[in-house]
Amino acid sequence: METKKTAVIILSWNALPLLEEYLPTVVQSIPPEEADILLADNGSTDGSADFARSLGVEVISLEQNFGFAEGYNRAIKGLWDSGRRYPYTLLLNNDVRVQGHWLEPLVWQLDQNPATVAVQPAILSDRDHNLFEYAGAMGGYLDLLGYPFCRGRIFGTIEPFQTDGKPTYRIYPTPVFWVTGACMLIRTEAYIAAGGFDASFFAHQEEIDLAWRLHRKGFSMAVVPSSVVYHLGGGTLSSCNPHKTFLNFRNNLLMLRKNLPSGYGIRSLTLIVRFFLDFVAALSFLPHRNGPKEALAVAKAWRANLKTRVPRTKEDEEGKRQAYGKLYPHSLLVRYHLFGEKTYSRLKP
C-alpha cells in the first residue's frame, strides 16, 4: 500500500470528552486520500481508543503515559521504522477544532520551500474565535533570556485576530523562531534525524527546544495564517498547576543550557541573570492562590536543572551562534514591563 504524504497524529491520554468534541472535526475535514489520521493513545483506560476506532481512526497503542514528548517520539519513529515513511507529520492536540481546508496551505508551504522544516496555522481560541490562543497564536519567538512569546500573545496579553473587521497581522506566510506543538506540520525525516522531542521534558516547551536545535542545523520555520484552527487549551494541566510551573521553568532552563553558545560567556551570563529573575518570579507568586506551591515549583525546577548533566561539545558552536542570532535581540521583560510594549506590533525591532 502506498504511503500518503501526511500523517496526522493526535496524542491523547484519558481525554475521551475532548476526543468526542474535537476528533470528529478532524475526520470530517480531511479527505481519506489526503492524509492518514492516527490516534497515539498514551495508555488510556477511558475508552478513548474504542471511540477513535468507531470514527475510522487508526490507533497506535502505547503501553503507558509517556507524556507529550516521548509519546510523539514513539508514535512517529514507530511508523517510520515499520516502513510507513510519511514525508510530513502533523502533530495535533486533542483539543483543537478544525474546519474547511486547513491542512492544504500547510502542506503547500512545505512543498514549495525546501529549507522550511515546520509550519503552523494561525491558532485562535476555541472559547472566543476572534482571540489568538495562548499556545502558538501567530507563531513563536524567543528573547535573549529564553522568554517565549508570539505574534498575537506576549505574556498574558492576548490580541484579537481581527480589529474592525481587518486582520491584526498580515495573513501571508511569515518566518518564526518556533511553531507550536498544538498544531505543527513538520518534515518527518528531519524530526527523526534531530532526535525528535527531548523526552526528558515530558511536556511543555519541547517544541521550542526542537525548533532551536533545527535552527542550529540551518532550517527555518513559518506561520501560514491562511490556515486557521481553534485551540481550547489547558486540557491537560491548568495554568495555575504547580507541576505545570515546574515543567515550564525546568524545561526552559534546560533548553538554554543545551542550545546557547558558550563563547563570550553568553551561556553563563544568561543563566546568572535568569537565576535572579526566576527568584523574583517565585516571590511574585507568593501573594496569590496556590502561590507558595508555585514558588516552591520554581525552586524545584532550579534544583532539577543543577542535577541534570548537559553534555558540552564544541562540535556545534557555529550552529549555536547562528541560531542565537535569530533570537529577539532585547529583553522581553524590559520591553513589556518598563516600556509598555505589550503587543507584538509595538515591540522594539
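## Glutamate 21 and arginine 97

Glutamate 21 is partly exposed in this predicted model, at a relative accessible area of 40%. Its salt-bridge partner is arginine 97, and the closest N and O atoms of the two are 2.7 Å apart. The pair connects distant parts of the chain: glutamate 21 belongs to helix α1, arginine 97 to strand β5 (residues 96-97), and 76 residues separate them. Arginine 97 has a relative accessible area of 19%. That value is under the 20% cut-off, so arginine 97 counts as buried.

## Other salt bridges

Side chains of opposite charge can pair when their charged atoms come close. The whole structure holds 17 salt bridges. One of them joins lysine 5 to aspartate 111, with 3.0 Å between the closest N and O atoms. Lysine 5 sits in the segment before β1 and aspartate 111 in helix α4 (residues 104-112), so this pair too links distant parts of the chain, 106 residues apart. Both residues are partly exposed: lysine 5 has a relative accessibility of 38%, and aspartate 111 has 33%.

Lysine 258 forms a salt bridge with aspartate 198, the closest N and O atoms being 2.8 Å apart. Here the link runs between helix α7 (residues 242-259), which holds lysine 258, and the loop between α5 (188-193) and α6 (206-216), which holds aspartate 198; the two residues are 60 residues apart. Lysine 258 is buried at 17% relative accessibility, and aspartate 198 is buried at 17%. A network of salt bridges also links Lys4, Asp36, Glu58 and Arg84.

Strand β1 covers residues 6-12, and seven of its seven residues are buried. In a regular strand the side chains alternate between the two faces of the sheet. In β1, Thr6, Val8, Ile10 and Ser12 point one way, while Ala7, Ile9 and Leu11 point the other way. Residues on both sides are buried.

Which strands pair with β1? Strand β4 (residues 88-92) runs parallel to β1 and is joined to it by five bridges, with valine 8 opposite leucine 90. Strand β2 (residues 35-42) also pairs with β1 in the parallel sense, over seven bridges. Threonine 6 has alanine 35 of β2 as its bridge partner. Between β1 and β2 the chain passes through helix α1 (residues 16-29), and this β-α-β crossover is right-handed.

Glutamine 120 lies in strand β6 (residues 116-125). Its relative accessibility is 0%, and it counts as buried. Beyond its neighbours within four places in sequence, glutamine 120 has contacts that include Leu106, Met138, Trp178, Cys183 and Val224. Gly136, Ala137 and Gly139 are also among the residues in contact with glutamine 120.

Threonine 270 is part of helix α8. It is buried, with a relative accessible area of 6%. Apart from its neighbours within four places in sequence, threonine 270 is in contact with Leu144, Leu145, Leu256 and Leu260.

## A nonpolar surface patch

Helix α8 (residues 266-285) also contains leucine 283. Is leucine 283 buried or partly exposed? Leucine 283 is partly exposed, at a relative accessible area of 44%. Together with Phe279, Val280 and Leu286, leucine 283 forms a nonpolar patch on the surface, and these residues have about 380 Å² of accessible area together.

Note on methods:
Residues are numbered from 1 along each chain as its sequence is written. This is a predicted model: local features need pLDDT of at least 70, side-chain atom pairs count only at pLDDT 80 or more; totals for chains, interfaces and linings use all residues. Side-chain values use heavy atoms; hydrogens and water are left out. Buried means under 20% relative accessible area, exposed over 50%, partly exposed in between (1.4 Å probe, protein chains only). Helices (H or I, at least four residues) and strands (E, at least two) are DSSP runs, numbered from the N terminus. Two strands pair if DSSP finds at least two bridges between them. A crossover is right-handed if, with the strands pointing away from the viewer, the path from the first strand over the helix to the second runs clockwise. Patches are made of residues with over 30% relative accessible area and no salt bridge: like charges are joined within 9 Å, nonpolar side chains (Val, Leu, Ile, Met, Phe, Trp, Tyr) within 5 Å. Accessible areas come from the Shrake-Rupley method with a 1.4 Å probe; for residues, only the protein chains shown count as cover. A salt bridge is a side-chain nitrogen of Lys or Arg within 4 Å of a carboxyl oxygen of Asp or Glu. Contact means heavy atoms within 4.5 Å.
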